[in-house]
Amino acid sequence: MSGTGLSQARGRFRAVAAEKLADTRVQGAIDTATGRFYTAREKAWAELEDVEELRERARDIRTRTIDDLERHLADFTRTLESRGGHVHRCTTPEEARDVVVGICRRANAKLAVKSKSMASEEIKLNDALAEIGVKAVEGDLGEYIIQLAGEHPKHIIAPALEKTAGEVAELFSAVEGRKVSSDLVELQRTARLQLRNVFLTADVGITGANFGVAETGSICLVTNEGNGRMATSLPRVHIALMGMERVVPTLAELAVLLKLLARSATGQRLSSYTTLVTGPRRAGETDGPEELHVVILDNGRSQLLGGRYREMLNCIRCGACLNVCPVYRKTGGGAYGPVYSGPMGAVLVPLLVGLERAPDHPHASSLCGACTAACPVKIPLHELLLELRRDLVAEGVAPLRERLAFWAWSAAWSRPWAYRVSTRAARLGQRFGGLVGPGRTWAAGRELPSLVSRRFRDR
Ligand code: SF4
């Protein structure tokens with residue numbers, strides 16, 4: 001990446017974060033939503049007999065699966081194909097887009113209804129479908145609002161959490177051509193009416209996959225609005241986009257993960273709709289698609305297998321780490337980019353797109369460890385962020401002045417005489433106005449301890 005590209009990538013996070021920090025309305029919206037999720041998760045975890053034991057089991061399931069991922073993916077492919085489904089393994093977003101576009105072309109599709117899928121955001125699927133004349137409409141309410149606003153999701157389970165009822169009413173009014181009130185019941189009714197016909201007339205249903213069960217070849221979808229069931233049972237063709245790490249060996253192991261997923265995400269014991277789709281419609285069945293395609297996406301994930309960051313593949317996308325993160329709760333999701341945000345995004349985005357394209361992400365953390373403590377599968381998020389910061393320095397992605405400053409600090413505090421000189425200089429600096437240059441920027445918003453006039457070593 002060129003120097004200009006790098007500084008643009010570096011400036012982007014800060015610019016978006018600064019904008020959000022200055023917006024009191026957005027601050028209030030993020031605070032209310034994340035606070036509600038946070039409290040609900042704590043309450044739901046407290047109801048469990050032994051949450052730590054359950055987290056350990058979940059972590060063990062995810063780790064064992066990822067350690068033998070190819071075998072589980074092969075089992076999943078075999079069982080799904082034996083039930084009439086088609087599996088497409090795709091290495092890049094381009095390949096995945098081409099596969100979906102090809103299926104839509106063969107089905108002569110004009111309208112696609114989508115259930116929430118972060119993988120489809122990853123591959124920018126809506127743009128690719130628009131290019132071939134397929135209108136893709138988001139069927140998840142939050143995603144639908146975001147689509148009408150022409151924005152990207154701001155939270156992995158609550159994409160529209162920064163929008164107020166008034167803003168949603170304006171978006172719906174534009175579709176209706178009349179004024180829609182911001183009353184919540186009215187908003188829900190309007191969304192239902194706007195989307196109902198899309199579900200009924202769509203040629204293709206596109207969903208994500210919370211999990212793929214190798215034992216049965218099933219796709220597991222977890223939703224609270226039933227949009228997953230509508231998108232998988234009404235259209236002629238169902239396409240499910242699944243990150244390659246989302247496979248789980250058996251239904252019994254799926255049950256363990258489901259026990260934690262909804263509790264960690266929204267504080268529910270189970271989401272309103274947990275759907276298992278096992279193959280397309282069979283003879284004698286009345287519902288379901290004629291064709292079922294599962295597109296398994298790699299997009300950089302296989303590079304993490306067996307490496308220092310492999311535990312990131314254990315993520316079950318519950319969003320709990322976002323709700324506790326002091327940085328996410330101030331900056332919101334936009335600063336992290338279009339798909340993943342919060343601590344999981346701060347780790348995952350640089351791993352998927354490259355550190356040079358997301359150089360600020362590893363710094364979007366106070367390293368307090370709240371994310372690690374909230375993660376149901378015990379991913380050591382704050383340690384991975386620290387590891388990424390080491391990589392920033394080792395790979396020369398960190399700015400030269402930052403590397404020089406830390407080199408000078410390390411050199412000074414490794415020698416007694418240099419330590420003496422540096423602390424003397426710091427005391428003098430404090431007396432005459434404090435830090436200068438980048439140090440002053442760093443100190444703004446931080447409370448620095450005042451240095452004592454007589455040091456311990458002087459005594
Ligand atoms: S990293 Fe952990 S807490 Fe965050 S979304 Fe993934 S599973 Fe949930």
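Valine 213 lies in strand β5, where helices (H or I, at least four residues) and strands (E, at least two) are DSSP runs numbered from the N terminus. The structure is a predicted model, in which local features need pLDDT of at least 70 and side-chain atom pairs count only at pLDDT 80 or more, whereas totals for chains, interfaces and linings use all residues. Residues are numbered from 1 along each chain as its sequence is written.

With 25 C-beta neighbours inside 10 Å, valine 213 counts as buried. A residue is termed buried if 20 or more other C-beta atoms lie within 10 Å of its own, exposed if 12 or fewer, and partly exposed in between, with C-beta atoms placed from the backbone. Residues up to four places away in sequence being left out, valine 213 touches Ser218, Cys220, Val248, Thr250, Leu251 and Leu254; contact requires that the C-beta atoms of two residues, placed from the backbone, lie within 7 Å. Alanine 443 is 230 residues from valine 213 in sequence, and the two are 50 Å apart in space, C-alpha to C-alpha.

Strand β5 (residues 211-213) runs parallel to β8, and two bridges join them; strands are taken to pair if DSSP finds at least two bridges between them. Within this pair, glycine 212 stands opposite valine 247 of β8. Both strands belong to an open sheet of four strands with mixed pairing, in the order β8-β5-β6-β9. The edges are held by β8 (247-248) and β9 (273-277), each with a single partner strand, so one side of each is left without a neighbour in the sheet.

A further pairing involves strand β2 (residues 111-114) and β3, which are parallel and share four bridges. Leucine 111 stands opposite lysine 135 in β3. Strand β3 (residues 135-138) has a covered face, formed by Ala136 and Glu138, and an uncovered one, formed by Lys135 and Val137.

Among the helices, α9 (residues 165-176) has twelve residues and reaches 16 Å from its first C-alpha to its last, close to the 16 Å expected at 1.5 Å a residue. The expected span is 1.5 Å times one less than the number of residues in the helix. Val168, Leu171 and Phe172 are buried in α9. These residues cover an arc of only 95° around the axis, which puts them on the same side of α9; the arc is that of the directions from the helix axis to the C-beta atoms. The buried residues of α9 pack against α8 (141-149) and α10 (184-201), while the face turned away from the buried side carries the exposed residues Gly166 and Ala174. Just after α9, glycine 177 takes a positive phi of about 75°.

Helix α17 (residues 381-394) has 14 residues, which at 1.5 Å a residue should span 20 Å, and its end C-alpha atoms are 20 Å apart, in agreement. The buried residues of α17 are Leu381, His382, Leu384, Leu385, Leu388 and Leu392. They cover an arc of only 155° around the axis, which puts them on the same side of α17. They pack against α13 (320-324), α15 (342-353) and α16 (370-374), whereas Arg390 and Ala394, on the other side of α17, are exposed.

Most residues other than glycine have a negative phi. Lysine 124, however, has a positive phi near 50° and is placed in the loop between α6 (118-122) and α7 (125-131). Lysine 124 is partly exposed, with 15 other C-beta atoms within 10 Å. Leucine 367, also not a glycine, has a positive phi of about 60°. The loop between α15 and α16 holds leucine 367, which is partly exposed, with 14 other C-beta atoms within 10 Å.

Serine 366 likewise lies in the loop between α15 and α16 and counts as exposed, with 12 C-beta neighbours inside 10 Å. Beyond its neighbours within four places in sequence, serine 366 is in contact with Pro326 and Val327. Serine 366 and leucine 111 are separated by 255 residues in sequence and by 45 Å in space, C-alpha to C-alpha.
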